[in-house]
Amino acid sequence: EIHIKEPIEKEVNPHLLPGELLLCEASTVYKYVQEDGSNRGTYGKLVCTNFKISFLDDDSASDDNEPQFKNKIVGENDITLQCVDQIYGVYDEKKKLLTGQLRKYPEKLIIYCKDLRVFNFCLRYTKEEEVKRIVSGIVHHSQTPKLLKRLFLFSYASAAPNNTDGRNQTVMFETLDDWRDELERTKGNVKYKAVTTNEGYRVSEKLPLYFVVPICISEESILKYEGRGIPIWCWSCHNGAALLKMSTFPKEQDDSTSQMQKAFLDGIYKTISKPPYELLKMDDLSSSLPSLQDIQTAYTRFKQLFLIDNSTDFWATDVKWFSLLESTNWLEIIRRVLKKAMEVAECLEIQHTNVLLIEESATDLCCVISSLVQVMMDSYSRTKSGFQSLIQKEWVIGGHSFLDRCNHLHKSEKEEAPVFLLLLNCVWQLVQQYPPAFEFTETYLTVLSDSLYVPIFSTFFFNSQHQRDTNKSGESLKTQSGPFRFLTVWDWSVQFEPKALAFLNNPLYAEKPKPDRSQRKTARFKHQRQLSLPLTQAKPSTKRGFFREETDHLIKNILGKRIGKFINSSDEPPNSLREFYDSWHSKPVDYHGLLLPRIDGPEIKVWAQRYLRWIPEAQLHGGGTIATAAKILDLMEEVQSLQVKMDEEHSQSVSGDAHSVPMLRNSARLSSLFPFALLQRQSVKPALPTSTWKDLEDEDDLVKRDDEFVDLSGDML
């Protein structure tokens, strides 16, 4: 039973950003607190702007309950329009997906977000006219196709004062000098050159203004097929071997054109492959890795496990957690991608062989593999500025279609695929296996994944450098014409105060290489739910399970018919990678050298912070990685204060960063949901799980969700 309170006396107005306009609002909206499935909640106002959907209650006006990790742009009850995944209306206790024009308006609104938050709003006590306005407004502005220039990015850029430097030591790769510096840093300037052939985008609109190719490639060759068939340099190893990528020619061509293109490619290969001095291995990622459609399907299934409506649903899925997790294929795709990156690393490191990654556009899986290889092999890419420069080089300037892959404009679901999220999931595996090797934390990766949906930064809202450059010119709101000045996501001060920024930096980052095997043994993360799939074999061993591919029925079940393509994709003997893997893992870890992920069954885990942070039932009271981080930050603060005292005694002035370390004295009061959600009341697991009753009633339907178009009821392991 819902007890109706008196409407709020004082007017609560939304906090609007420059260029943000209020489009529609509704009063007396009841927001449920999804803690235990009860009807408890709070009254407030639901508003929709050209930037976000926001719920305002009487607590919104006070700053007393502000979380320690507050985002200055997107609040706790704010959902950017790009972050809305799906919207459901509840009619007579039945859920229905809301799209386009509505004939009947729901009594309850459920919004599923791409960052996996779930909002439940009751409209039963709201005026009918306001319900029509707010529901149709939210559905229209967040779900219907829109033009690029209608993104809030442009409204904000034309209205906001641009007083930030925005770079923060991140190399943007927008100038020729940036590329030359990178060549010099990696000692690749002996065999490779930065070219200006594409200035004015005369070669191709898909290529960046500047890029790097082998010295022997002529300008004429680059121009011939609009940059297709040209090996583009990504990175050079310390031994001189290089990682290259290349976009392929269209498959459907007439014979004469195909012959010409084949002759052209043969000529290109001869210039960069000169045995025995220069060896080249080509890897067609479209045949050796899952397709973008496979990745999208797997992630769609996977995220459904975490879009929990209430406590009952959580415990209902708990009984079949392992089979549900396995049936998504998401962890298996992560494993396959990490294995492919290791194959490439072995060619570069051990065989001193150049590797050419081939893909239709060279802007999707090429970006994932090349980035992972650099994170594994180049310690600079494991610093914060180095990782950000890597994303700029391989993804933003490299031409990854963020606009299409994230479906920011809602134009085509066929183009949508979480390719960048796949990279972040893979990097997270390395971060949680080797924390001292990374200058940034998992919180940094989580915040970066959230920033995909914040349209005040240009970083993730264009398909190419050309598209961004051509859309930079525009009319200002102050009737002065001039180019838009877009913000970059790498200026974290736009989103967070210095106190919150401390959570993005790893206090245990190993500044100098200190090989110590004991540091590699990480404690098992105890949780109500296991975050990885168990090994199915009787004797789990690092040498069995993953590499025993002929007996690995788990992987065969997961990948079905595609397994044949996957396993035999490498031209190298299967023993080669296994020996490389075993040899590396038998030695102490050099945190500033090569890093190889552990990829046996249970080693590939669910990124708990990102996927479980909004689910109170999954929290650990006073536990989780954040409790450890809190203690470490406390110790750091103490050490810094002692250092200040010592320096004062020696009459030395100190300008340390002590002010940036947050005070977390009560770490026992925190939960594993911190810093994204406040401490929640513990949910009690039913003595007899609800799913058991449901199985008795209907064995085939584990969780009754009328609306779900994805089947998550996989067989038990």
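Author: Contact, as used here, means heavy atoms within 4.5 Å. This is a predicted model, in which local features need pLDDT of at least 70 and side-chain atom pairs count only at pLDDT 80 or more, whereas totals for chains, interfaces and linings use all residues. Residues are numbered from 1 along each chain as its sequence is written, and side-chain values use heavy atoms, with hydrogens and water left out.

Reader: Switching to sheets: what is the strand order in the open sheet of 8 strands?

Author: The order is 4-3-2-1-8-7-5-6, with antiparallel pairing, and two strands count as paired if DSSP finds at least two bridges between them. Strand 4 (78-80) and strand 6 are the edge strands, each pairing on one side only. Ignoring direction, neighbouring strands of this sheet are turned by 30 degrees against each other on average.

Reader: How many bridges join strand 5 to strand 6?

Author: There are 4 bridges between strand 5 (residues 84-91) and strand 6 (residues 94-97), which run antiparallel, and Gly89 has Lys96 in strand 6 as its bridge partner. The two strands form a hairpin with 2 residues between them, and Asp92 in the turn has a positive phi of about 50 degrees. Strand 5 also pairs with strand 7 (residues 108-113) in the antiparallel sense over 6 bridges, and Tyr88 stands opposite Ile110 in strand 7.

Reader: Which strands does helix 1 lie across?

Author: Helix 1 (residues 128-143) lies across strand 1 (22-32), strand 2 (41-49), strand 3 (52-56), strand 5 and strand 7, and runs at about 110 degrees to strand 1. Angles run from 0 to 180 degrees between N-to-C directions, and axes are lines fitted to C-alpha atoms, for helices over the stretch in contact.

Reader: Helix packing next: at what angle do helix 10 and helix 14 pack?

Author: Helix 10 (residues 330-349) and helix 14 (residues 419-433) pack at about 75 degrees, with their axes 10 Å apart. That makes helix 10 roughly perpendicular to helix 14, on a scale where 65 to 115 degrees is roughly perpendicular, under 35 roughly parallel, over 145 roughly antiparallel and the rest oblique. Trp330, Ile333, Ile334, Val337 and Leu338 in helix 10 meet Leu422, Asn425, Cys426 and Gln429 in helix 14.

Reader: How does that split by class?

Author: The contact of helix 10 with helix 14 has 7 nonpolar, 2 polar and no charged residues, where Ala, Val, Leu, Ile, Met, Phe, Trp, Tyr, Cys and Pro count as nonpolar, Asp, Glu, Lys and Arg as charged, and the others, Gly among them, as polar.

Reader: And helix 12, how does it pass helix 14?

Author: Helix 12 passes helix 14 in a right-handed crossing, meaning that the near helix is turned clockwise from the far one by less than a right angle, anticlockwise being left-handed. The axes of helix 12 (residues 384-396) and helix 14 come within 13 Å and cross at roughly 150 degrees. Here Phe387, Ile391 and Trp395 in helix 12 meet Val419, Phe420, Leu423, Leu424 and Val427 in helix 14, a contact with 8 nonpolar, no polar and no charged residues.

Reader: Last one: at what angle do helix 12 and helix 15 pack?

Author: Helix 12 and helix 15 (residues 442-450) pack at about 30 degrees, with their axes 13 Å apart, and that makes helix 12 roughly parallel to helix 15. Lys384, Phe387 and Gln388 of helix 12 make the contact with Tyr444, Leu445 and Leu448 of helix 15, and these residues divide into 4 nonpolar, 1 polar and 1 charged.
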